[in-house]
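Please have the sequence and the model open while reading.

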Amino acid sequence: MNSQTIAIFPTPLMVIDNPNPLSMTEYNFIKEHENKNKELMNVGSLNEISKSSYILDSPELANLKEFCQQGVNKFTSEIYSATEDELNITISWINIVRSGRAVFPHKHKNAVLSGVYYYESTEDFPLAFETPLENNVDYSVVNDYNPFNSEEYTVSSPGNQLILFPSWLRHRVINTTSSTRSGSVAFNTFLKPNKDYGFHYNKTLVNIKE
């Protein structure tokens with residue numbers, strides 16, 4: 001039987017290795033921000049999130065922010081075939097997941113793309129993405145899982161790696177009993193301010209006055 005399977009409307013996920021791992025100055029800045037002042041960390045949903053929502057705006061992390069922005073530009077250009085400078089990194093924060101903890105399923109509203117830069121290995125704390133498609137049938141037997149029938153897709157990182165995905169995609173960090181922990185810098189992006197977007201009949205001006 002001659003047939004063709006066409007994957008329509010796939011969900012993009014981009015993984016980018018950092019050719020220049022964090023310097024000791026950058027890594028120590030993050031570690032000090034984690035540990036020096038415990039009051040800087042909020043414990044919620046079993047994970048720890050920095051109170052600072054603009055951690056990538058710190059001068060000490062300028063190179064990391066530039067790398068992440070380049071990744072966002074690459075995603076925008078190669079995946080959406082849009083002008084590569086359409087999106088800006090907005091908020092950013094440190095995220096820590098320790099043994100026995102997790103991050104509950106969620107998505108990032110009021111954002112376009114989201115990213116997670118892992119400065120530590122996450123082999124024991126995989127990032128799991130839920131399918132956005134509704135499967136209306138549970139088959140009696142599933143012989144093998146593939147992108148068309150899976151309910152979840154997991155990604156682990158060896159560290160010094162950026163993972164980018166659409167902000168509407170629900171995701172979580174799986175609970176493990178590992179003796180290690182996972183450390184990352186996460187961020188959201190949005191359309192650049194004071195610029196028109198869309199076609200002539202539905203133009204939208206993102207007007208943000210400084």
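The lining of the largest pocket consists of 13 nonpolar, four polar and three charged residues. The model is a predicted one, and the largest pocket in it holds about 610 Å³ of space.

**Largest pocket**

- Twenty residues, written as 20 in the count, line the largest pocket.
- Nearest the centre of this pocket lie Pro-10, Thr-11, Thr-131, Pro-132 and Pro-147.
- Strands β7 and β8 each contribute at least two residues to the lining of the largest pocket.

**Second largest pocket**

- The volume of the second largest pocket is about 350 Å³.
- Its lining is made up of 24 residues, and those closest to the centre are Trp-93, Asn-95, Val-103, His-106 and His-108.
- Two or more lining residues come from each of β3 (47–50), β4 (87–98), β5 (103–106), β6 (113–118), β10 (171–173) and β11 (181–191).
- With five residues, β11 gives the most to the lining of the second largest pocket.
- The lining of the second largest pocket divides by class into 13 nonpolar and 11 polar residues, with no charged residues.

**Salt bridge within a helix**

- Side chains of opposite charge can pair when their charged atoms come close.
- Lys-74 and Glu-78 form a salt bridge through their side chains, with an N to O distance of 2.7 Å.
- Both residues belong to helix α2 (residues 62–78), and because they are four residues apart there, about one helical turn separates Lys-74 from Glu-78.
- Lys-74 has a relative accessibility of 36%, so this residue counts as partly exposed.

**Salt bridges between distant parts of the chain**

- Glu-130 pairs with Arg-170 in a salt bridge whose closest N and O atoms are 3.2 Å apart.
- This pair connects distant parts of the chain, 40 residues apart: Glu-130 is in strand β7, and Arg-170 is in the loop between β9 (161–166) and β10.
- Glu-130 is partly exposed at 24% relative accessibility, and Arg-170 is partly exposed with a relative accessible area of 38%.
- Arg-172 and Glu-152 make a salt bridge as well, with 2.9 Å between the closest N and O atoms.
- Here too the pair links distant parts of the chain, since Arg-172 sits in strand β10 and Glu-152 in strand β8, 20 residues apart.
- Arg-172 counts as partly exposed at 25% relative accessibility, as does Glu-152 with a relative accessible area of 32%.

- Val-137 is located in the loop between β7 (127–130) and β8 (152–155).
- The relative accessible area of Val-137 is 39%, so Val-137 is partly exposed; patch residues need over 30%, and Val-137 is therefore above that cut-off.

How values were computed
Residues are numbered from 1 along each chain as its sequence is written. This is a predicted model: local features need pLDDT of at least 70, side-chain atom pairs count only at pLDDT 80 or more; totals for chains, interfaces and linings use all residues. Side-chain values use heavy atoms; hydrogens and water are left out. Buried means under 20% relative accessible area, exposed over 50%, partly exposed in between (1.4 Å probe, protein chains only). On a 1 Å grid over the protein atoms alone, a cavity is a set of points where a 1.4 Å probe fits but cannot get out, and a pocket is an open set with protein on both sides within 12 Å along at least five of seven lines; lining residues have an atom within 4 Å of a point. Grid points are joined across faces, edges and corners, and a volume is the space filled by probe spheres set on the points. Ala, Val, Leu, Ile, Met, Phe, Trp, Tyr, Cys and Pro count as nonpolar, Asp, Glu, Lys and Arg as charged, and the others, Gly among them, as polar. A salt bridge is a side-chain nitrogen of Lys or Arg within 4 Å of a carboxyl oxygen of Asp or Glu.
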